[in-house]
Amino acid sequence: MGLSDGNRTFIIHGEDGRGCFRDGLADSRAECRAIAKASRENFLVATCLLPRAIRQPFYDLYAFCRTADDLADESGTPEKAVFALAEYRRAVAAMYSDERQDGQIAGIFVALADTVRRYSIPRQLLDDLLDAFVQDQSIVRYRDEEQLLDYCRRSANPVGRMILRLADADSDENVLLSDEICTALQLVNFWQDVSRDRLIGRVYIPESIMHRFGFEDETIRRGLDSGKTTPEEVRVAIKFLCKRTQERFHRGMPLVDQVPGWLSADLKLFVEGGLATVDAIEAIDFDVLRVRPVVRRSTQLRLLGRAMWQRCWSGRVGGGTS
């Protein structure tokens, strides 16, 4: 057995020889819960639909994603962000190393290590997320849809794949469907936040799409500066991109019926929320440079109520625990 020394965390080996973090695990889990519950992101409301046994592992994964994202966006300079993310990458490497030494991991990584081990979450998923955050520090324009989708493959899709692991539902077919949903969620966020992203120097509308619809990055800048209605060519492009994203949501929708009931309710909430965002963009006639489209509160409550009813019903039918 390992020994405790101050605030350090050691591995206690069981009779089967497998290591399990004990000292510090409770504190680490509490830190992950606090990070998750402090989030204002709408999708976190969906945690109320999760079975109790899944909530802590979800918090552990969320805490990693949230804090890594914050390092990418709030470190002050790209150089500081890259340095901080490199520290995270070393912590991830230590979690998966067979030669890990005492004290190499701390904070949220103690709970995260427990979760990735218990659910056999591949290291590649965490590395892909970190790759995307590092990319954000140097690439702020995308030449074509292929390059943008490659970014989504690393920035969004790993999250869905990790959740499928928690549900033991990551068949090849389900993973592909999850990728469609996660990529669509990332893309609709881009189309919703064209003005916000441009103000911080990022443009996610691919250059190939700009050329196809007859405008350039400068058109977006001038549109923002003028405060007037979004130029027609930009609105037509956003309409086209929203249509493509809507189709992607629908291609992923069959996943809702192929996972456990508790996850099905969450997935449906995510998909319907994404589609509602597309509707909100359409409702402002794609005028995304002048107005930030938002899903109405009444729509959010309706979707959440429907998801909670589905969760309760599936629990009764399937005999699942809350």
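A residue counts as buried when its relative accessible area is under 20%, as exposed when that area is over 50%, and as partly exposed in between. Keep this in mind for the close-ups below, which all come from a predicted model.

**View 1. Arg 154 sits in helix α6 and reaches Gln 135.**
Start with Arg 154, which belongs to helix α6, residues 145–155. Its relative accessibility is 8%, and a value under 20% counts as buried, so Arg 154 is a buried residue. Look for the side chain of Gln 135: the side chain of Arg 154 makes a polar contact with it at 2.6 Å. Setting aside neighbours within four places in sequence, Arg 154 is in contact with Asp 128, Leu 129, Asp 131, Ala 132 and Gln 135.

**View 2. Phe 64, Phe 109 and Ile 205 stand out in the largest nonpolar core.**
In soluble globular proteins, nonpolar side chains tend to be buried together. Here the largest nonpolar core has 84 residues, and Phe 64, Phe 109 and Ile 205 touch the most other members. Helix α2, residues 52–74, gives the most to this core, with 10 residues. Domain 1 (25–138) and domain 2 (140–313) each supply at least three residues to the core. Now zoom in on Ile 205: leaving out residues up to four places away in sequence, Ile 205 touches Tyr 142, Trp 191, Val 194, Met 210, Phe 215, Ile 220, Ile 238 and Leu 241.

A pair of aromatic rings is described by the distance of the centres and the angle of the planes. The whole structure has 11 aromatic pairs. Phe 64 and Phe 109 are both buried. For Phe 190 and Trp 191, the ring centres are 6.3 Å apart and the planes are at 65°, so this pair is edge-to-face too. Phe 190 counts as buried at 4% relative accessibility, and Trp 191 counts as buried at 2%. Ring pairs also join Tyr 142, Tyr 151, Phe 190, Trp 191 and Tyr 204 into a cluster.

**View 3. Ile 121 lies in a loop and is buried.**
You will find Ile 121 in the loop between α4 and α5 (123–135). Ile 121 has a relative accessibility of 2%, so it counts as buried. Along the chain, Ile 121 and Arg 165 are 44 residues apart, yet their C-alpha atoms are separated by 6.6 Å. Beyond neighbours within four places in sequence, the contacts of Ile 121 are Leu 61, Tyr 96, Thr 115, Val 116, Leu 126, Met 162, Arg 165 and Leu 166.

**View 4. Asp 279 is partly exposed.**
Next, look at helix α13 (residues 261–283), where Asp 279 has its place. Asp 279 counts as partly exposed because its relative accessibility is 42%. Val 294 is 15 residues from Asp 279 in sequence, and the two C-alpha atoms are 9.4 Å apart in space.

A disulfide is a covalent bond between the sulfur atoms of two cysteines. The structure holds 0 disulfides. Cys 182 counts as buried at 13% relative accessibility, and Cys 242 is buried with a relative accessible area of 3%.

Methods:
Residues are numbered from 1 along each chain as its sequence is written. This is a predicted model: local features need pLDDT of at least 70, side-chain atom pairs count only at pLDDT 80 or more; totals for chains, interfaces and linings use all residues. Side-chain values use heavy atoms; hydrogens and water are left out. Helices (H or I, at least four residues) and strands (E, at least two) are DSSP runs, numbered from the N terminus. Buried means under 20% relative accessible area, exposed over 50%, partly exposed in between (1.4 Å probe, protein chains only). A polar contact is a pair of N or O atoms within 3.5 Å; within protein, one must be able to donate a hydrogen and the other to accept it, and residues adjacent in sequence count only if both atoms are side-chain atoms. Contact means heavy atoms within 4.5 Å. A nonpolar core is a set of buried Ala, Val, Leu, Ile, Met, Phe, Trp, Tyr and Cys residues joined through side-chain atoms within 4.5 Å. Domain bounds come from an automatic or database domain assignment. A disulfide is a pair of cysteine sulfur atoms within 2.5 Å. Rings of Phe, Tyr and Trp (its six-membered ring) pair if their centres lie within 6.5 Å; planes under 30 degrees apart count as stacked, over 60 as edge-to-face and the rest as tilted.
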